[in-house]
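User: I am new to this structure and would like to know what stands behind the terms used for it. Please set each term against its definition.

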Amino acid sequence: MHEVVVAKDREAVAELAAGFIAKIAGRYEDSTFNLSLSGGRTPVLLYEKLAAEPLIEELPWKNTHIWWGDERVVGPDDPASNYRMARESLLERVPVPDGQIHRIRGELGAEEAASRYRDELLQNLGTQPRFNLCVLGVGADGHTASIFPEHFKKLKIGEPVAVTYGGVPEVERVTITFDLINACDQIAVLAQGKDKAEIMQRILMGDPTVPASHIEPIGGEERLHFFLDSEAASLLDKGG
Ligand code: 6PG
């Protein structure tokens, strides 16, 4: 069964999610920790907590590889860049070696960026790539990463990466697919705010029309962890 952690507010969600990430990361003190980051606004506080005392001392940054679940097809300094958000809230503050930061190169255009990211995944993680921990968000429309409702059924099976279009800002995107998401050892999904309440109810009831309902770790449901604030969880006791 998946885990649903409900915290009273955004601060508490970030605290609990950061503690969870540190716990998982601690398993890789003597090996390589492949961590995939979400974009959007929700994880900023989480990333800031990972980059501050006490957690900054606890994570094995030197053997951590940073990946992304998705990226807007923009340059690394664009305000819409998920890489820029992670750089400012986390990567500038922690000692992850530059060669271990696997940015999706949106400035190359969607197809070239996707192709290079796919190559980098296969070169580093093998032909069946998976992350040790994949952090995801959820849009009010039920998208996760950049897998949007209007086309998630068309994503090619067996492909770890795809090009999509949509979201806010409505631009081309490079996204990991459910093939890669569901192969991950652990998945943490964050959602906060009352605008996520209705979609979280639908996701946790398994509504198949919602992309994020298809986050189904092949290693078992116990590898899936939701971190919600009380607003995003407000409809869950009503049959969610
Ligand atoms: C993106 C994100 C996306 C995000 C959700 C939630 O590139 O937009 O990766 O999947 O997690 O849209 O965004 P908020 O956290 O801003 O609500």
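User: What makes β5 largely enclosed by the rest of the structure?

Analyst: Buried means under 20% relative accessible area, with exposed over 50% and partly exposed in between (1.4 Å probe, protein chains only). Five of the five residues of β5 are buried, so β5 is largely enclosed by the rest of the structure. Leu133, Val135 and Gly137 are buried on one side, and Cys134 and Leu136 are buried on the other. The model is predicted: local features need pLDDT of at least 70, side-chain atom pairs count only at pLDDT 80 or more, and totals for chains, interfaces and linings use all residues. Residues are numbered from 1 along each chain as its sequence is written, and side-chain values use heavy atoms, with hydrogens and water left out.

User: Why is β5 called a strand, and which strands pair with β5?

Analyst: Strands are DSSP runs of E with at least two residues, helices are runs of H or I with at least four, and both are numbered from the N terminus. Two strands pair if DSSP finds at least two bridges between them.

User: What makes β4 and β6 edge strands?

Analyst: Three strands form an open antiparallel sheet in the order β4-β7-β6. β4 and β6 (161–166) each have a single partner strand, so one side of each is left without a neighbour in the sheet. Neighbouring strands of this sheet are turned by 25° against each other on average, direction ignored. β4 pairs with β7 (residues 171–176) over three bridges, and Glu71 stands opposite Val174 in β7.

User: How do you know the direction of helix α5 relative to β6?

Analyst: Axes are lines fitted to C-alpha atoms, for helices over the stretch in contact, and angles run from 0 to 180 degrees between N-to-C directions. Helix α5 (residues 110–125) lies across β6 and β7, and runs at about 145° to β6.

User: Why is helix α4 called mostly covered?

Analyst: Eight of the 10 residues of α4 (residues 82–91) are buried, among them Tyr83, Met85 and Leu90. These buried residues pack against β2, α2, β3 (64–68) and β4, where contact means heavy atoms within 4.5 Å.

User: What makes one space a pocket and another a cavity?

Analyst: On a 1 Å grid over the protein atoms alone, a cavity is a set of points where a 1.4 Å probe fits but cannot get out, while a pocket is an open set with protein on both sides within 12 Å along at least five of seven lines; lining residues have an atom within 4 Å of a point. Grid points are joined across faces, edges and corners, and a volume is the space filled by probe spheres set on the points. The largest pocket holds about 660 Å³ and is lined by 30 residues, with Gly40, Arg41, Val138, His143 and Lys196 nearest its centre. β5 gives the largest share of this lining, three residues. The largest cavity has a volume of about 30 Å³, and its lining includes Arg10, Thr42 and Leu190. The largest share of the cavity lining, three residues, comes from α1.
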